[in-house]
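Have the sequence and the fold open side by side. We'll walk through a few spots together.

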Amino acid sequence: MTGIRIALAGNPNVGKTTLFNALTGSRQHVGNWPGVTVEKKTGRVNRNGHAIEVIDLPGTYSLTAYSADEVVARDYILEEKPDVVVQVVDATNLERNLYLTTQLAELGVPIVIALNMADAAEATGCTIDRERLSALLAIPVVRTVGIRGEGLDDLLDAAIREAETSPYHEHTVGYGNDVEAMIASLVGVLAADKDLAERYPLRWLAARLLEGDENALAKVRESPVSSRVQDLLSAIDPDEYEATMADRRYDVIAAILPQVRTAGARGMNASEMVDRVVTDRYLGIPIFLALMWGTFELTFAVAAPFAALIEAGLAWLSAAVAGSIEPAWLASLVGDGLIGGVGSVLVFVPNIFILFLILSFLEDTGYLARAAFIMDRLMYAIGLPGKAFIPMLIGFGCNVPGIMAARTIEGEKDRLITILVNPFISCSARLPVYILFAGAFFGAAAGGVVFLLYVLGIAAAIGSAKLFRHTILPGESSPFIMEMPPYRLPTVWTSLLHMWSRGAMYVRKAGTIVFAGALVVWCLASFPFGVEYGSSASLAGALGHLLAPLVAPLGFDWKIAVALLFGFVAKEVVVGSLGVLYGTGEEGDALSMALLADPGLSAVTALALMVFVLLYTPCLATIATIRKETGSWRWTGFSVAYGLVLAWLLALIVGQIAPFFLGGA
Amino acid sequence: MSNMIKGVFGAVLGALYGGLGTLQIAAALTGPAVPFVPASLFWGCVLLVIGAVLLTGVRNLARGLDDGVVFFNVGILLSVSFGVISLLAAGAGALEAAIAGEAWSVADTLAPAVYLAAIGAAGFLAWCRAFFRGLATA
Amino acid sequence: MGAVCPLALLSAGTEATIADVRAGREMRLRLVGMGLCPDARVRVQCADRGSLIVSVGDARYALSRGIAMKVLVKEAA
């Protein structure tokens, strides 16, 4: 046999993804955060002439029918019938991990256990007798340390051996006489359906039916034996069976453990002690806030030199293009359109990547799990689940990965609300608009104004969440339960990979959507042919004048309307568009001067404009992401409309109230 | 006995963080800046937090609670971490100034976050390495 | 052996045995898979107004007050 398929299964947080990376060398997202690998990932590796395909199944604690993760994992093994399943087991957490083993064993597929994180277990003085464990479970057990790449060859060899020699069998926990009798009866009935008998291990199917497993019931519904099965099932209480079977599984595990493991030093370990400090009722939140502030401070500071380099590079490129490309319209397309549009997004790449690097580092150490716990009470008061706060954090960098991070949230409504309010978190893209206007109109107070805008964004997100909770998406937030993995110091490589998977979304956005959008913007600004770029006579100008009445109450003129329209593509583009419309370009203070000189603009309108940019529709990339994550045009459209309306109203209110605080224009 | 030393060290460092943190906030809100204590509302608050963690550790040590040491350890870790953050930010500032051709002086980096962290680092090297090694199984 | 009470009411450092999990099927199965089922021994590590971090076997979980109220335990002596 030369082609073999291995499925990787296991609990969350056992280092399964690291092992997968080590085996296949592919890039993956690694986190201490449960539930992150919802999609299946595949990779390849060769060993001894065998071409092996490895499939990374979602991490699950068990194999019930209740969560998508579990169903995906279960169905893959049942339907796709991989040659062998490698269960990655956390050596420091045997009891819980073995629960999954008992369930996997019932599926009938050959299994190999990778006893991972063996180094951590050994460090606590714990020893595990692998041979004994293997004998008791009738499953080969291989010692691995995924992050160091130890044991991988042995693991592959064991997997290949099992795949080639082990018959498809079901060894499983004995559930006690009563349950076993019921299982036998059910199996007898099910066996009459040859089709079912071929597709599924009957003992497994019978056990699931007794537990009232929805997914199993569905599989049997179409079968000719269905009515006889129903007869047998009608007399029993599935809850009781499920409880009994779970008990038996734990009994077996409890019997096995003492025979194979000598416990290491017990008592509070360092992770537990640190948690006492970090989740302290008085210091927990201040520590968290301090770390968050440190994160943002470091991000802006360290990104600045790189951004400066990129800007300088773009300026040089722009000048070179203007000088050397003929005809003029092409030079304008490349220079003003592409370099200008895409460039304004690229300048932020350092900012995004550093923020994500730091957040990934915090996540990989396990701290963010504690932070989610600390914030849970606050989030609950808002109507959001505690886990929603990570997507919101990520949103400060870019809303796109922020919204995608909402996948870890279980409740549908919770997830939806998290996704809908994420765009109000002020992402990095809006910053250049704030810097431009706050800098021009507010001088020394600019920093304070920008800070207030960020606060307003958070307030809008919170307010909207409460609003949605009470009106369109009512219900309670799902209760918070999350595993607290031990603290670890992540390797540089791990954090970099993690950073890349999130940051790459931003770069892709620049490369695709913004690129296309910049082309469209350029066309609108350049046609009808021969018109001055971005002037009132161009198509863009015409659009601006068309929209002007809509924004007039807010104090915006047609130029602002055009800039806002272009900002729909990516909010960074607003500044570039204004540069074009005022004819100054973005360099130096020319644009600020032009803005100040414009009689139609004042500190009040500047403030209203910044509020508008903060809140109005998500950018194109974000809209695409919302559509993808919610799978619904309806909610996407709602998001756009709600944002527009909220932005318009708040900008109006701010425009009216501000004069009192600012003392006139 | 070593607890006693840690207690004193923690008390002194904690008080320094508290005091300098308050100064930074005061300077930001109202008045004159003291040399080597730049005005910054946020850094001031961060310093206060670090001071609070250290002082809580001292208080718990005094009461004989076993989590006193942990507060102390975490406080030292925070001290060193924010010192590193401050230095990195300053370094980046220097780099940016170099690129833009602006003036920059080393004096810009001297904030309490940095020099207090130097003291914290001493504490870390003396007492905390074993504790945190127990955590890091990367 | 104490009387049965919700896990949420215990303080840090207490040990207890789970007596019952009063939650919907879905939640219950999830908790069972994680190790929180009747007869399991739990130890409360951090507690703050109902939200807890507990250890079960070798694993540690953070629970909000909502869930902790639904898990009924008997305190160990």
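How many residues does the contact take from chain A and from chain B? The contact takes 30 from chain A and 26 from chain B, where contact requires C-beta atoms, placed from the backbone, within 7 Å.

## Ground rules

This is a predicted model, where local features need pLDDT of at least 70, side-chain atom pairs count only at pLDDT 80 or more, and totals for chains, interfaces and linings use all residues. Residues are numbered from 1 along each chain as its sequence is written, with chains lettered from A and ligands numbered from 1 in the order written.

## Where the chains meet

On the chain A side, helices H4 (118–123), H13 (270–278) and H14 each give two or more residues; helices are DSSP runs of H or I, at least four residues, numbered from the N terminus. H14(A) gives the most, with 13 residues.

## H14 against H16

H14 (residues 284–324) of chain A also meets H16 (residues 349–365) of chain A: their axes come within 8 Å and cross at roughly 145 degrees. Axes here are lines fitted to C-alpha atoms over the stretch in contact, with angles running from 0 to 180 degrees between N-to-C directions. Among the residues making this contact are Leu298(A) and Phe306(A) of H14(A), and Ile354(A) and Leu355(A) of H16(A).

## Around Met610

Which residues does Met610(A) touch, leaving out those up to four places away in sequence? They are Val433(A), Tyr434(A), Phe437(A), Ala438(A) and Leu453(A).

Definitions and conventions:
Contact = placed C-beta atoms within 7 Å.
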